[in-house]
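This report describes selected features of a predicted protein model. It is intended to be read with the sequence and the structure in view.

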Amino acid sequence: MVVSRGVGLLLVALALASVDPGWACSKVPVFNGRAVTKEKKAGDNGYRLAVRNEPSGYEPGKIYNLFLVGSRTHVKLQQFTHFMLTAQATSGTAKNARTFIAGPKRVGRFQLFSDSLTRFYDHCVNTVTQADDFPKTEIQVMWVAPASGSGCVSLSAMVFEGEDSWYSDDGALTKVLCEIKPDPGTVQGECCACDEAKYSVSLVV
């Protein structure tokens with residue numbers, strides 16, 4: 001049976017649309033080649049996702065430094081081996097706001113520093129993960145805010161300490177930023193990119 005090119009493209013589009021986006025971008029960590037079976041622990045366990053200078057929202061097109069870091073005291077230095085950081089669209093800042101997958105035009109895009117700690121995650125759009133499984137106390141990336149009129153963006157993280165101890169999205173591991181008007185009286189500061197960055201390019205056909 002011969003299928004026309006137009007019908008073939010339609011079938012491909014329907015197949016892609018039927019993929020469950022929740023499955024495609026699951027934050028369940030993969031350890032030793034398999035997905036961890038134990039459920040995540042509640043809360044953030046002292047880990048937090050922070051934005052430099054703690055802005056109240058994002059200015060369209062501006063570059064922000066994001067940090068994923070644990071507690072640091074004289075008796076405790078938290079370390080993690082795996083992580084996942086993602087940007088998704090959200091309908092607002094309320095607890096019951098709907099969060100959904102969207103492209104870089106809607107939620108902005110990540111840029112990586114020239115260190116060896118991070119890489120783009122091949123299986124999910126707008127997602128960064130670890131480049132190795134060595135213990136880490138902190139990672140940082142850059143996030144380029146989307147264009148004006150894009151709405152609110154949810155930045156969220158998963159941290160993995162071991163098969164019995166991982167945390168995702170709860171508490172300080174999620175930060176929601178909505179568009180704010182640029183202040184004409186302020187000058188955009190340096191993004192501390194150390195002269196080199198890595199980019200993820202998404203092609204839309």
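## Strand 11 and its surroundings

Strand 5 and strand 11 pair in the antiparallel sense, and 9 bridges connect them. Within this pairing, Phe 83 has Val 159 of strand 11 as its bridge partner. Strand 11 also pairs with strand 13 (residues 174-177), again in the antiparallel sense, over 4 bridges. Here the bridge partner of Leu 155 is Lys 175 in strand 13. A further antiparallel pairing, over 4 bridges, is found between strand 11 and strand 12 (residues 165-168). In strand 12, Ser 168 stands opposite Met 158. Strands 11 and 12 are joined by a hairpin through 2 residues.

How many residues of strand 11 are buried? The strand is mostly covered, with 10 of its 11 residues buried.

## Aromatic pairs

Two of them are set out below.

| Pair | Distance between ring centres | Angle between planes | Class |
|---|---|---|---|
| Phe 31 and Phe 160 | 5.4 Å | 40° | tilted |
| Tyr 47 and Phe 80 | 5.9 Å | 85° | edge-to-face |

The pair of Phe 31 and Phe 160 is classed as tilted because its planes stand at 40°, an angle between the limits of 30 degrees for stacked and 60 for edge-to-face. This pair links distant parts of the chain: Phe 31 belongs to strand 1 (residues 30-31) and Phe 160 to strand 11 (residues 152-162), 129 residues apart. Phe 31 counts as partly exposed because its relative accessibility is 23%, whereas Phe 160, at 1%, counts as buried.

The planes of Tyr 47 and Phe 80 stand at 85°, so that pair is edge-to-face. These two residues are 33 residues apart and also link distant parts of the chain. Tyr 47 lies in the loop between strand 2 (34-35) and strand 3 (48-51), and Phe 80 in the loop between strand 4 (63-69) and strand 5 (82-90). Both Tyr 47 and Phe 80 are buried. Together with Phe 83 and Tyr 167, they form one aromatic cluster.

## Gln 130

Gln 130 is located in strand 9 (residues 127-130). Is this residue buried or exposed? Gln 130 has a relative accessible area of 12% and is therefore buried. Its side chain makes a polar contact with the side chain of Thr 129 at 2.8 Å. Leaving aside residues up to four places away in sequence, Gln 130 touches Thr 81, His 82, Phe 83, Leu 117, Arg 119 and Lys 136.

Terms used
Residues numbered from 1 in each chain as written. Predicted model: local features only at pLDDT ≥ 70, side-chain atom pairs only at ≥ 80, totals over all residues. Heavy atoms only, no water. Buried < 20%, exposed > 50% of the residue type's maximum accessible area, 1.4 Å probe, protein only. Polar contact = N/O pair within 3.5 Å; in protein donor to acceptor, adjacent residues only side chain to side chain. Contact = heavy atoms within 4.5 Å. Phe/Tyr/Trp six-rings, centres within 6.5 Å; stacked < 30°, edge-to-face > 60°. Pairing = 2+ DSSP bridges.
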